[in-house]
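Hi everyone, thanks for making time for this. I'd like to walk you through one protein model, so let's get the structure up on the screen.

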Amino acid sequence: MLKRSRGIQLKSRGELEAMRAAGLVVAGALAAVRSAVRPGASTAELDEIAETHIREAGAVPSFKGYHGFPGSICASVNEQVVHGIPASTQVLAEGDLISVDCGAILEGWHGDSAVTVPVGQASEADLRLSEATRLSMLAGIDACRPGKRLSDISHAIELETLRVQEEHGVEYGIVANFGGHGIGTEMHMEPFIPNFGRPGRGPKLREGMALAIEPMLTLGTDDTRELSDGWTVVTADGTRAAHWEHTVALTSDGPWVLTAPAED
């Protein structure tokens, strides 16, 4: 039986290495999708590319069939924040911004990661939004260290968002109702990790924990609403959103990004 600390699954080094293998499948699928993002491509085409890569690697898409979700990726375009359903009718256009979330299961272990990709020539505002989200994710990852508290991750993400928005001269909305999570033998596990909050609270972080760090920022409100499809979440004011995510293991040597691309 896997160990737990306050309900949070703890993994051995070997189990984390198994998660790394799943993470590499996800990284490869996202790389394939990114290379296919272009004006005229449909999100259904991107979904097929991701699923093919995952299955050819001997893994299974985490998302497909999850609580009835029909796709192997979440493809969220422009004002869509998360959980966009891939569709042949959702055709990308020049200047769009697409966030692609992807998960894979390999030998019972999950990997989960997301990227935001400009379609063709994106606006400077969109590029900065994506970069702010990516930098906030990296700050959260850096806080994934044994001995810290769970809310230290949330606080680090928030502080970096505030720092970057001051640098950019733009106020970014930090989406409140969605955040990171534990991951391992299931895709979504304890704990939930908000993308803002006061430091020094919650469970103490321990070696062997694996967490998905995933900030979502917008160019306007932090309020969202769900569309009638029961999945797609959009900004309440129609402004654009970005989403970045990595699966991270806590080790004595520091954070280990399990979904980082393989080094050449």
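This is a predicted model: local features need pLDDT of at least 70, side-chain atom pairs count only at pLDDT 80 or more; totals for chains, interfaces and linings use all residues.

So, in which strand is the place of Pro 191? It's in strand E10. A quick word on that label: helices (H or I, at least four residues) and strands (E, at least two) are DSSP runs, numbered from the N terminus. Pro 191 is joined to Glu 190 by a cis peptide bond, with omega at about 5°.

Residues are numbered from 1 along each chain as its sequence is written, and side-chain values use heavy atoms, with hydrogens and water left out.

Okay, pockets. Rolling a probe the size of a water molecule over the atoms shows where empty space is left. We work on a 1 Å grid over the protein atoms alone, and a pocket is an open set of points where a 1.4 Å probe fits, with protein on both sides within 12 Å along at least five of seven lines; a cavity is a set where that probe fits but cannot get out. Lining residues have an atom within 4 Å of a point. Grid points are joined across faces, edges and corners, and a volume is the space filled by probe spheres set on the points.

The largest pocket comes out at about 360 Å³. It's lined by 24 residues, and the closest to its centre are His 83, Phe 178, His 181, His 188 and Glu 214. Strand E9, residues 180–182, and strand E10, residues 189–193, each supply at least two residues of that lining. E10 gives the most, with four residues. By type, the lining of this pocket has 12 nonpolar residues, seven polar and five charged. For the sorting, Ala, Val, Leu, Ile, Met, Phe, Trp, Tyr, Cys and Pro count as nonpolar, Asp, Glu, Lys and Arg as charged, and the others, Gly among them, as polar.

Then there's the second largest pocket, at about 200 Å³. Of the 15 residues that line it, the closest to its centre are Arg 34, Val 115, Trp 244, His 246 and Pro 261. Helix H1 (13–36), strand E7 (109–118) and helix H3 (124–142) each put in at least two lining residues, and the largest share, four residues, comes from H1. That lining divides into nine nonpolar, three polar and three charged.

Where does His 83 sit? In the loop between E5 and strand E6, which covers 97–106. On accessibility, buried means under 20% relative accessible area, exposed over 50%, and partly exposed in between (1.4 Å probe, protein chains only). His 83 is partly exposed, at 25%. Glu 107 also has a positive phi without being a glycine, about 50° this time. Glu 107 is in the loop between E6 and E7, and at 75% relative accessibility it counts as exposed.

On to the sheets. Two strands pair if DSSP finds at least two bridges between them. E5 and strand E14 (residues 233–235) are joined by two bridges, and Val 82 stands opposite Val 233 in E14.

Another open sheet of three strands runs E8-E12-E15, again with antiparallel pairing. Strand E12, residues 216–218, pairs with E15 over three bridges, and Met 216 stands opposite His 243 in E15. H3 packs on this sheet, touching E12 and E15, and its direction makes about 150° with that of E12. Contact here means heavy atoms within 4.5 Å.

Last stop: Pro 146, in the loop between H3 and helix H4 (150–168). Pro 146 is partly exposed, at 36%. Not counting residues up to four places away in sequence, Pro 146 touches Leu 205, Arg 206, Glu 207, Leu 250 and Thr 251.

Technical notes: Axes are lines fitted to C-alpha atoms, for helices over the stretch in contact, and angles run from 0 to 180 degrees between N-to-C directions.
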